[in-house]
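Let's take a walk through this structure together, one side chain at a time. Keep the view open as you read.

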Amino acid sequence: MNLKILNKTDTELEMEIAGETHTILNLLKTVLLEDDAVEIATYDIKHLGISEPIMYVRTIDKDPLQAVRSALGTMIAMCDEFKSVFLDRASV
Amino acid sequence: MKVEIIELGDRAAKFVLSGVAPAFVNSIRRAMLAEVPTLAIDYVNIYDNTSVLFDEQLALRLGLIPLITDLDSYVLPSECSCGGEGCSQCQVSLTLSAEGPKTVYSTELVSADPSVMPAEVVPLIKLSERHRISLEAIARLGTGHDHAKWQAGIACGYKNVPKITISDECDACGMCVDACPRGVLVIADDVVKVVDERACSLCRLCEGVCELNKIYDVIKVGTHPDSFIVTAETDGSIPIRELITRSAENISDRAEALDGYLSVIDMEMEMDHHAT
């Protein structure tokens, strides 16, 4: 994975996340939109297979970078919870 | 988040996952199909091939054999300390030599690592009189993203948990019971009852045939928006439990990597801020 910040202001963040796919980004976008401080969270992969995804986040009164970081934290917690709940049920 | 196991074998699993967003289930599905690595034959040295198949066709057939993979003892060539050149950490050699007349099966491959062996008995090639093959195959880890031969998960999918509601206006005419291809509905004591809701394929044929549905909403097929029936299967290279847990680990590892990059940028910005 390779990250390139294309634009960053107090309320906007645009970044190219090379090497990532819908697997992570669609979940990240969904989790971001659950945050009330996030106004827009979207990403685009222009041409399948040749373009790198570009993510755009706009917030109200919150550093967009922090919003993305806390969303990533939520994603990690979701995965850990799923893993432990699944293993717990599977061992019964 | 809740998990209810319906079926759990070595290779296939079916479970209900509830209390999650559709995006999460889809990420798990995508990770199972394309992100969890598995071993597959990637490079073949052919020493002798007098069979009816071209070398390329034979190599393709070898590539598609599922190999039992211990993911703790191998790493992806791109992440290996050898730099992808090939070492015992990132690749395993398998040899095969056979002479006709016979059918050669995948189980005849001799692996340098006894823990890596074909997960399935696959007929590779039929040899006639005086036909010979002799080759060395190199198996490497890879992901389904690059080639289907590295796909550990097969037939991974999910659907929303169906919710069938039948109102009091129902006259128990039985049309919906006959129309349902999955036998989800029955008539008992002059009322239509749902016997196996999860078997419903959401085809809504029952809604269509119901005459009373034109006036009232007698029978309605809906879904629970945050509950999913997940089905997953592996090609035998790794057990299904491992596939499911590793798919979740893969997503969190990627999220952690992205967070790592962002923390560096975060720190740099903080320093710039202090400098000015």
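This is a predicted model: local features need pLDDT of at least 70, side-chain atom pairs count only at pLDDT 80 or more; totals for chains, interfaces and linings use all residues.

You will find Thr74(A) in helix 2 of chain A, which covers residues 64–90. The Thr74(A) side chain reaches the backbone oxygen of Ser70(A) at 2.9 Å. If you also pick out Thr23(A), you will see that Thr23(A) and Thr74(A) are separated by 51 residues in sequence and by 15 Å in space, taken from C-alpha to C-alpha.

Now let's turn to charged pairs. Over all chains, the structure holds 19 salt bridges. One of them joins the side chains of Arg254(B) and Glu35(B), with an N to O distance of 2.9 Å. Arg254(B) sits in helix 5 (residues 240–275) of chain B and Glu35(B) in helix 1 (residues 22–35) of chain B, so this pair ties together parts that are 219 residues apart in sequence. The two partners fall into separate accessibility classes: Arg254(B) is partly exposed at 21% relative accessible area, whereas Glu35(B) is buried at 5%.

A second pair to look at is Asp42(B) with Lys149(B), whose side chains meet in a salt bridge at 3.5 Å, N to O. Here Asp42(B) belongs to strand 3 (residues 38–49) of chain B, while Lys149(B) is in the loop between strand 8 (132–142) and strand 9 (153–166) of chain B, so the bridge ties together parts 107 residues apart in sequence. Asp42(B) is partly exposed, with a relative accessible area of 31%. Lys149(B) has a relative accessibility of 16% and therefore counts as buried.

Next, find Glu207(B) and Arg204(B), which form a salt bridge with their closest N and O atoms 3.1 Å apart. Glu207(B) is buried, at 11% relative accessible area, and Arg204(B) is partly exposed, at 47% relative accessibility.

Which residues are joined into one network by salt bridges that share partners? They are Glu20(A), Glu35(B) and Arg254(B), so our tour returns to the pair that links helix 5 and helix 1 of chain B.

Conventions: Residues are numbered from 1 along each chain as its sequence is written. Chains are lettered from A and ligands numbered from 1 in the order in which they are written. Side-chain values use heavy atoms; hydrogens and water are left out. Helices (H or I, at least four residues) and strands (E, at least two) are DSSP runs, numbered from the N terminus. A polar contact is a pair of N or O atoms within 3.5 Å; within protein, one must be able to donate a hydrogen and the other to accept it, and residues adjacent in sequence count only if both atoms are side-chain atoms. A salt bridge is a side-chain nitrogen of Lys or Arg within 4 Å of a carboxyl oxygen of Asp or Glu. Buried means under 20% relative accessible area, exposed over 50%, partly exposed in between (1.4 Å probe, protein chains only).
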